[in-house]
Amino acid sequence: MRYPFQLQLRDKDFVPPRCPREECPAHQLGTPFPWTYRGTFYRKVDGLDVQRFQCLTCRRSFSTQTFRTDYRLRRPETVLPNFVAANSKTTLRKMGRNYELSRSHVARRQKLLATHARRFHEHRLQLARARGGLGSRFQFDELESYEQHRKLKPLTGCVAIEVETGFIVHTDVETLPARKPLKKGEAAILKRIEAVEGVRRSGSRQAVQRTVEALGRFARAGEVKVTTDKKSSYCTALEREFGDRLKHTRIDGRRERGNRNPLFPINHTLARLRDLVSRLVRQTWAAAKKRERLADHIAITTGFRNYVDGWRSEPAERQRVSAAQVLGLATRRYTPQEYLYWLDPLCLAA
Ligand SMILES: [Zn+2]
């Protein structure tokens, strides 16, 4: 039973950080944002009242709900389980079956989670940049995967980390050409595929280029130390970006793996991604159907690793601290609920 004089406000002390409409000038950071309260409405789903506001720049009204990840969702309760599944090697199909959700529902949730993850990460990176950068020691490398067909439609994923914390700075997914030599039947299939999709080229150089540019944006001033394997395109891209500031260490990729290898941090990050992201598991039925969806999935897990997961699994106290926290980009290790609550990253204090 509801008593009209006991308002039970959802998100009680919420103060809107900006106008939620992207077209409005008051949406831009650093622009004044005059607003006023505009009543409440009753929300049937949870029986709580929701505060409404009005932007005095564009005169449009909105509510606390407008800033939330579950804004306009008919099934808000499926966001969290989908986030958990996306970061524990669970396929879309299996997730759907476990929770009696359609595969298309799970796919929509992954899209929403990827949008959330990208906005959140971009916001924290900009914050790091405003504070003078997030580090000066980095490593990056590529991992191989595929969409639909392992030999005919391979993919490369470029991943760059800050070395001390393992914070994932940038990820990028691009196509690779078919793996030759092809059997007769495969060559015929490739022909059919290329008739529709065009000749499949290597996008590795572009992925590396964008990755190095990202490092350029978020590295501290002064010397930048980057460790990679001996692929020559890495050298070119790094030298172009950093010039004299660069201290590049190149490690032979054939060198024994394990924690004495200088590339251990990035190798370990890639191994972890393969362990968390169902689409990246080796010898799997779960490989990506589309590279855009693999990129989404990696974005979701990047958010999980940086802000929600412990930055190291050993010793135990490091599990309680996230990589973002070590870098000063988060006040604490967020619970999945906290991390996912707001779609606008400004709503969660850094
Ligand atoms: Zn506005």
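Two strands pair if DSSP finds at least two bridges between them. Helices (H or I, at least four residues) and strands (E, at least two) are DSSP runs, numbered from the N terminus.

This is a predicted model: local features need pLDDT of at least 70, side-chain atom pairs count only at pLDDT 80 or more, and totals for chains, interfaces and linings use all residues. Residues are numbered from 1 along each chain as its sequence is written, and side-chain values use heavy atoms, without hydrogens and water.

**Strand β7**

T227 stands opposite T249 in β8.

| Pair | Partner strand | Sense | Bridges |
|---|---|---|---|
| β4 and β7 | β4 (residues 137-146) | parallel | three |
| β7 and β8 | β8 (residues 246-251) | parallel | six |

Of the six residues in β7 (residues 224-229), five are buried, meaning under 20% relative accessible area with a 1.4 Å probe, protein chains only.

**Residue N87**

N87 sits in the loop between α1 (79-86) and α2 (92-99). N87 counts as buried because its relative accessibility is 6%. Its side chain makes a polar contact of 2.8 Å with the side chain of T301. Such a contact is a pair of N or O atoms within 3.5 Å; within protein, one must be able to donate a hydrogen and the other to accept it, and residues adjacent in sequence count only if both atoms are side-chain atoms. Beyond its neighbours within four places in sequence, N87 is in contact (heavy atoms within 4.5 Å) with L276, I300, T301 and F304.

Terms used
Buried means under 20% relative accessible area, exposed over 50%, partly exposed in between (1.4 Å probe, protein chains only).
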